[in-house]
Amino acid sequence: MTDENPAIDTTAEDTELGQAKVRMGLAVVLAGGIWAGIATGSFSGGHDVVLAWLSGAILVASAILLAVIWHGPGIRHWRRAAAMAHDYGALTVCLIFGGVVLLPLYSVLLWVTVGYGLRYCQRYHLIAAGLALTSLAATIAFTPYWQQHGYMAATFVITTIIVPAYADRLMVS
């Protein structure tokens with residue numbers, strides 16, 4: 001808490017700002033990877049245009065979140081909800097349209113899920129785990145590759161259940 005305003009928790013504020021900076025960095029790396037994939041013809045199914053627009057949208061949304069957090073410190077649950085929607089929405093669309101090329105983003109999905117719990121609280125962690133499972137369900141439902149590789153999809157779903165559950169258990173003990 002600050003001396004000037006006890007309602008502002010600077011540790012939570014710094015944590016949220018730190019997350020926004022990491023999100024921006026990841027957005028830049030992701031956009032670069034998408035554009036490299038487009039340039040090399042790595043994406044199938046004619047998804048190049050969708051992914052190009054998506055990379056721009058992710059960069060813009062990440063920059064807006066960073067600016068809003070930077071200029072309006074303090075705990076804002078609506079802003080955290082918007083960040084979660086952005087994170088899981090972007091990852092889901094990337095997993096659906098990016099195919100095998102963007103499959104490594106699953107590791108980011110899991111990392112983000114555990115991170116919400118570590119940064120904020122158990123409630124955010126449970127919400128994040130639910131959003132991660134929803135993201136995977138949508139990815140499986142809309143992606144033939146994931147449907148054709150059921151064991152892989154099942155492994156990711158199980159991992160998305162047990163890793164956050166274990167992290168949650170560690171956080172409360």
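Is α4 mostly covered or mostly uncovered, and how many of its 15 residues are buried? Eleven of the 15 are buried, and the helix is mostly covered. Buried means under 20% relative accessible area, exposed over 50% and partly exposed in between, with a 1.4 Å probe and protein chains only.

This is a predicted model, in which local features need pLDDT of at least 70, side-chain atom pairs count only at pLDDT 80 or more, and totals for chains, interfaces and linings use all residues. Residues are numbered from 1 along each chain as its sequence is written, and side-chain values use heavy atoms, with hydrogens and water left out.

**Colour by confidence.** pLDDT is the predictor's confidence in each residue, from 0 to 100. The protein chain has a mean pLDDT of 88, and 92% of its residues reach 70 or more. Over residues 1-10 the pLDDT is below 50; this stretch has nine contacts in the model beyond near neighbours in sequence. Contact means heavy atoms within 4.5 Å.

**Select residues 105-119.** This is helix α4; helices (H or I, at least four residues) are DSSP runs, numbered from the N terminus. Its buried residues include L105, Y106, V108 and Y116. The expected span is 1.5 Å times one less than the number of residues.

**Select R23, L26, V108, W111 and V112.** Of the 21 residues that line the largest pocket, these are the closest to its centre. The pocket holds about 420 Å³ of space. On a 1 Å grid over the protein atoms alone, a pocket is an open set of points with protein on both sides within 12 Å along at least five of seven lines, a cavity is a set where a 1.4 Å probe fits but cannot get out, and lining residues have an atom within 4 Å of a point. Grid points are joined across faces, edges and corners, and a volume is the space filled by probe spheres set on the points. α4 gives the most to the pocket lining, with eight residues.

**Select E16, Q19, A20, R23, I69, R80, A83, Y116 and Y120.** These line the largest cavity, which has a volume of about 30 Å³. α1 gives the most to this lining, with four residues.

**Finish at I58.** I58 lies in helix α2 and is buried, with a relative accessible area of 5%. Leaving out residues up to four places away in sequence, I58 touches A27, L30, H86, A90 and C94.

Methods. Helix = DSSP H or I, 4+ residues; strand = E, 2+ residues; numbered from the N terminus.
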